[in-house]
Amino acid sequence: MKLGRNELCSCGSGKKYKRCCGQELAAARLDRSAAPRQTAGASAGQSEIQNNLGNAHLARGRFDEAMACYRLALKISPDDARTHVNLGNVLGHIGRMQESIASSRRAIALDPARCEAHNNLGLALAAVGQAEEAVASYRRALALNANYVDALNNLGNTLLDLGELREAAYVYDRAVRLDPQRARSHRNLGNALFHLRWLDEAAASYRRALAINPGEHAAHLALGMVLRLQGQAAEAEACCRAALALEPNSAEALAFLADLYADKGQFREAQESSQRAIEIDPDLPNAWAGIASHRKMTDADHAWLKGTQALVAKRLPLRHTISLYYALGKYFDDTRQYDEAFANYRQANELTKRYGLRYEAAAHTQRVNRIIAGFDAESVHRLQARSHSSDRPVFIVGMPRSGTSLTEQILASHPAVFGAGELTYWGRAFTAFETAGLTSEAAADLIPGFTAAYLDRLAALSNAALRVVDKMPENFLNAGLIHAAFPRARIIHMRRHPIDTCLSIYFQYLMINTHAYSNDFTDLAHYYGEYQRLMDHWRATIPAEALLEIPYEGLIEDQEGWSRRMVEFVGLPWDPQCLDFHKTERVVATNSNWQVRQKIHAASAGRFRNYEKYVEPLQRLMDNPSVDAGGI
């Protein structure tokens, strides 16, 4: 709500500040002592001067002086709607939200067509947790002035908090188009795109914001979060450090820094950074949730439990409430209080459904049908005429939470292997391939470009490694295209007990737009069944020398045997460092960054038995004769 000198004056004149209240301030040569010299019997012109002086003080951050001027102006002219708007504005700045609401409502009663009053009312309502009412106020402001960029940004912010991601992105895009030089609008659009996990587009928005205003602390921080998910760890940390240089006491930046420490296995530093963030902002959900994700919780964590439960009881943005319920679920699971754990996980998943991104089972079945029809053995062989002979890429595929991170960590412990994390390249490539027509020559002609661009991506991540591991689990959907493009590349398929896999997915806060199936057991069972059907097809299509299947439970029982087999499969000599994978220093930017730094243990095998009374909808997966239970 703070006014910049090049922005429109909040007095409602429609002029820029420096030509309106700023000019008035200069002309009148008034200072802080001017307000008390006015009296209730002053002229309307004096009321105007006080209002303008209040605006000048507000622009300089002198909130008490501004409030005194507005109150004196209202003493002179009590029915001036514009001054009630301005008083509501300054009251919002100093956190007196109920008074701000009252002033804004008074302004609206006096002048219902004053769009600034509706906007200010929305800001105050949002601040006290009345998000739906705030949205209604912003919409009224925009009905009066469709080009009101501040109201668009404020509406987008509240829609984002409510989980209305797509509409928020649309609203921010309107703000950007109306005023392309406003950095905040670009940053806000990036936030919506980030939560939709359109990462490239989000990064572009953040970069545009920083090009306009390099001092945008929040844009530096948000760009770092995107880069982390894109596997660019050093660049992500540079962004975080840039944000901290601008605001050394930014609790958000410190909470993000904790995630970066955890990705590198520096868990003590991660805990310290989270605690410092909480000291600065005791109500920061990211920091509380981060503590639970960066270590195993114990019965001694009473203070954490009390603080998190108190925070989740408040009216927070939807995404923060969800993350805290997941964190509470993990606490109770770690401390073996399984009924309480499941209750919190269920609450997290039910709230996630409010994002409105539903799993379409029939559509997914049709998608799998198209993949199977488009990548039979004959079609794959035809496409390989345009393939690349490189054996550098190694792909680890399977359902999420099936052991893909563990397998990557084992391989990445080999001196000749670089673990690239979860690269999103092939999902986009498949979309382009399908758009061109799965069996068309136009689609086939895309393959050389795919291989060249992908190898360039791997080279940018590591020039020296003989093998680079891409452990995006969902590449099981793209395995046919991958094998057609790189026939000599190796694909490792991780299998885990179906119910353990689905339960572990249900216990994770995953990307809703790509994992819409993850919040409901019936949807999970359907998605898992389609995954099995597709993997059956790949077994019949991709030759054994290119596809190795590893049972997660078998890897736990015979770590060395399976580790030797996978190293041999990717064409490398054995190295004993693969057995000490938990000591390997590298970045792991996934939900498993703590687990892969622990020695292999059997606690995660058969985990579903702690929750048997809750997982009945998943039991049908065990009735499928084609199910391989992974060794259990």
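# Sheet and salt bridges in a predicted model

Tutor: Let's start with the sheet. Five strands form an open sheet in the order E2-E3-E1-E4-E5, with parallel pairing. Two strands pair if DSSP finds at least two bridges between them. Helices (H or I, at least four residues) and strands (E, at least two) are DSSP runs, numbered from the N terminus.

Student: Which strands stand at the edges?

Tutor: Strand E2 (417-419) and strand E5 (547-551) do. Each has a single partner strand, so one side of each is left without a neighbour in the sheet.

Student: What is the twist from one strand to the next?

Tutor: It averages 25°. Axes are lines fitted to C-alpha atoms, for helices over the stretch in contact, and angles run from 0 to 180 degrees between N-to-C directions.

Student: How many bridges join E4 to E5?

Tutor: Five, between strand E4 (residues 490-495) and E5, which run parallel. His493 stands opposite Glu549 in E5.

Student: Which strands does helix H22 touch?

Tutor: Helix H22 (residues 404-412) packs on the sheet and touches strand E1 (393-397), E2, strand E3 (467-470) and E4. Contact means heavy atoms within 4.5 Å. The direction of H22 makes about 150° with that of E1. Helix H30 (residues 559-569) lies across E4 and E5, at about 165° to E5.

Student: New topic. How many salt bridges are there?

Tutor: The search of the whole structure finds 37. A salt bridge is a side-chain nitrogen of Lys or Arg within 4 Å of a carboxyl oxygen of Asp or Glu. One of them pairs Glu99 with Arg71 (3.7 Å, N to O).

Student: What does that pair tie together?

Tutor: Glu99 lies in helix H5 (residues 97-110) and Arg71 in helix H3 (residues 63-76), so the pair ties together parts 28 residues apart in sequence.

Student: Is Asp79 buried or exposed?

Tutor: Asp79 is exposed, at 52% relative accessible area. Buried means under 20%, exposed over 50%, partly exposed in between (1.4 Å probe, protein chains only). Its salt-bridge partner is Arg106, with the closest N and O atoms 2.8 Å apart. Arg106 is partly exposed, at 36%.

Student: What about Lys353? Which residue is its partner?

Tutor: Asp520, with the closest N and O atoms 3.3 Å apart.

Definitions and conventions
Residues are numbered from 1 along each chain as its sequence is written. This is a predicted model: local features need pLDDT of at least 70, side-chain atom pairs count only at pLDDT 80 or more; totals for chains, interfaces and linings use all residues. Side-chain values use heavy atoms; hydrogens and water are left out.
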